[in-house]
Amino acid sequence: MTEIVTSIQDFDRRKTAYFAGFAQSHSSAFRPHYRQGETLGKGPEVWRNVSEHCLVAGVFADILADELHLSVDQKVTVVKAAIMHDWFKKHESTAQRAANEEGKLSLSILSGIKEDDSQKLLAMGVPQDIVNLTGANDPETQDGPQTLPEKIIWYVDAMLSNTEPVPIRQRFDDLERGWDGTKEDPARAERNNAFSNLYSEKYSGKSLYDVQRELGDKIGAEFAQLMGYQGEASQLPHALKNKLRERINSNATANTNT
């Protein structure tokens, strides 16, 4: 038992070192989080869990970019966009909550919030192609993202429950039933489903969660084929987690040998 605990602790240290190194090497992509997003820093009102989610999204975007053989330039763009995709989450959530309490939450309100988010990134000097990619997790139509970089951004966000990779259908099933990580919360379920159902006018009567589950099946199958993954396509998030573990151990070995 002691050996198992020690092994887990050793891996956790290697994992922390890997993520710290990744964050440092991509520090410029985190500037919006710190400068305006209030998702990075030490203040009591900072939503640090959001920047942690974005860091993990960036790591998995990096893995997928390699597995799907993106060019170096595409990979750089995709990873930066993944790190920035939720940079303004605190303010977006606050605005959505206020509109919802006033009974005014609508797709047009959501679109306006997203547009404001994009304009702020552009004002900070973030290139247009990266700004465009940050919105790929919210498809314009039920056909979903079309380019490989867009699909990567969509997929890593869709599969992450906070920072944990899970099958995409499970993720949206959990949201639908109001699962908070330990129990089902009826109030949370009501809020989540009301939000999801807003998209029915945009997606020909389908809720957001229904469309996301369908896209998860489609994009997961495409990625599995391109990667040569032989398992169930729905389990690809677990396979990507294993690839992350391999990276972490390989990184630790390389650092030991230098």
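This is a predicted model: local features need pLDDT of at least 70, side-chain atom pairs count only at pLDDT 80 or more; totals for chains, interfaces and linings use all residues.

Biologist: What makes a space a pocket?

Modeller: On a 1 Å grid over the protein atoms alone, a pocket is an open set of points with protein on both sides within 12 Å along at least five of seven lines, and lining residues have an atom within 4 Å of a point. The second largest pocket has 29 lining residues, and Asn 132, Gly 135, Ala 136, Asp 138 and Glu 140 lie nearest its centre.

Biologist: Which helix gives the most to the lining of the second largest pocket?

Modeller: That's α6, with 9 residues. Both α6 and α7 (128-134) supply at least two residues each. Helices here are DSSP runs of H or I with at least four residues, strands are runs of E with at least two, and numbering starts from the N terminus.

Biologist: How do the residues of that lining divide into nonpolar, polar and charged?

Modeller: Into 9 nonpolar, 12 polar and 8 charged. Ala, Val, Leu, Ile, Met, Phe, Trp, Tyr, Cys and Pro count as nonpolar, Asp, Glu, Lys and Arg as charged, and the others, Gly among them, as polar.

Biologist: And what volume has the largest pocket?

Modeller: About 1,700 Å³. Lys 89, Ser 93, Arg 171, Leu 175 and Asn 192 are the closest to its centre, out of 44 lining residues. The largest share of that lining, 6 residues, comes from α5. By class, the lining of the largest pocket divides into 18 nonpolar, 13 polar and 13 charged residues.

Biologist: Now the helix pairs. Why are α5 and α6 called roughly antiparallel?

Modeller: Their axes come within 10 Å and cross at roughly 155 degrees. Angles over 145 degrees count as roughly antiparallel, under 35 as roughly parallel, 65 to 115 as roughly perpendicular and the rest as oblique. So α5 and α6 are roughly antiparallel to each other. Glu 92, Ala 95, Gln 96 and Ala 99 of α5 make the contact with Ile 109, Leu 110, Ile 113, Lys 114 and Asp 117 of α6, where contact means heavy atoms within 4.5 Å.

Biologist: What makes α3 roughly antiparallel to α4?

Modeller: The axes of α3 (residues 48-67) and α4 (residues 72-84) come within 7 Å and cross at roughly 160 degrees. That angle is why α3 counts as roughly antiparallel to α4. Where they meet, Cys 54, Ala 57, Gly 58, Ala 61, Asp 62, Ala 65 and Asp 66 in α3 touch Lys 75, Val 78, Val 79, Ala 82 and Ile 83 in α4. The contact of α3 with α4 holds 8 nonpolar, 1 polar and 3 charged residues.

Key
Residues are numbered from 1 along each chain as its sequence is written. Side-chain values use heavy atoms; hydrogens and water are left out. Axes are lines fitted to C-alpha atoms, for helices over the stretch in contact, and angles run from 0 to 180 degrees between N-to-C directions. On a 1 Å grid over the protein atoms alone, a cavity is a set of points where a 1.4 Å probe fits but cannot get out, and a pocket is an open set with protein on both sides within 12 Å along at least five of seven lines; lining residues have an atom within 4 Å of a point. Grid points are joined across faces, edges and corners, and a volume is the space filled by probe spheres set on the points.
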